[in-house]
Amino acid sequence: MMPADFARDIIDQIAKDQLTDFVTFHLMGEPFLHKDLSTLTGYAEEKGLRVRLLTNGSLLERSRNEQLFDNNLTRLEVGFRTPNDTAFNMRLRGGKLTLDEYIYRTKGLIEDKIRARTQTEVCIKFFIRSHAAMLKMADDYEHLTSEEDNLKIANLFRDHTLEMARKYDLPTVEWDQVPVRIIDGEYFIYPGISLSFARIQEFWVREQRAQIDGTTHKAIIGGCSAAFRDDFGILANGDVTTCCIDYDGKNVIGNLHDMSLMELLESPEAKRMLKSFDWFIPPTEFCKQCRGGPTVLSSITKQVGTIAIDIKDRIKPRKQYQPLRNRIASKRTDIEVMP
């Protein structure tokens, strides 16, 4: 758990050097476990940093929701990626929490947002199959990506959103006509409330099941927008790493207790990793595993696919991302940082 004073110091460094406009308070962890989450959110927002929270939703409750709204949280994403009992029991392992109660908490968040008329965006996120799975070259993880189950839950949340809008005398004209559909991306079902569908990170699922060693055909080439180009991660102990996937600190370049954030971002190791990915070469063993796959064919497909996506992003950067190297040089470029 990152101490609040240490978190504020990091926020100060990010704001002072204008490293980003967007900070994400998670790194494969659950931000709602932090007792100072609301105050740290308000602190960052006051510093001009927009905050994005990603929660699995199991700890959602009205008082915390309202605290975050009162602290001007920019965006709250619920990783509702367990659309059936099988997925819920395997992924959340929520003790006494049931899937019905999980749905109830998420519906409560939607009502809280509409009742409070807050500007905080709420996004409900689902998994869809990877490109490799679509080509029958990787596991489709049906319990997580079931189209039928995802649509059932998505429709449930859309209908609840419209019901709450009417309950609190807000207009629903035209929004009643917005269809619920599965796409590779995000769309709004009501002002400030959206559904998001992201392709499952097959590497992460296999790692969670301890299926990486000996089963991964490592990448020789590959593209990636992380590794200090578009984003990076800060672990709870102050270790600075390449991305949000590296929650175990396998790609750490240094610690913020020893050096400033700018010193670490301009360090030889950070520059080495950045240069390596410039040439589509995964710089670490962890990166080679991440860019690889469980079979030779899926690994090759993934490597080629990540390069194609990387080239596309270099030609036309996604709106929320701009190269970190430009931010470090000019301190004026947008970037999403995930501490």
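**Interior and surface**

Modeller: Contact means heavy atoms within 4.5 Å. Leaving aside residues up to four places away in sequence, Val240 touches Phe228, Phe232, Gly233, Ile234, Asn251, Val252, Ile253, Gly254, Leu256, Leu261 and Leu264. This is a predicted model, in which local features need pLDDT of at least 70 and side-chain atom pairs count only at pLDDT 80 or more, while totals for chains, interfaces and linings use all residues. Residues are numbered from 1 along each chain as its sequence is written, and side-chain values use heavy atoms, without hydrogens and water.

Biologist: How many residues has the largest nonpolar core?

Modeller: A nonpolar core is a set of buried Ala, Val, Leu, Ile, Met, Phe, Trp, Tyr and Cys residues joined through side-chain atoms within 4.5 Å. Buried means under 20% relative accessible area, exposed over 50%, and partly exposed in between (1.4 Å probe, protein chains only). The largest core here has 63 residues, and Val240 and Leu261 are among those with the most contacts inside it. A second, separate core of 13 residues includes Cys243, Phe286, Cys287 and Cys290.

Biologist: What share of the residues in the protein chain is buried?

Modeller: Buried residues account for 55% of the 339 in the protein chain. Of the contacts in this chain between residues at least 6 apart in sequence, 68% join residues at least 24 apart.

Biologist: Is Leu33 buried or exposed?

Modeller: Leu33 is exposed, because its relative accessible area is 55%.
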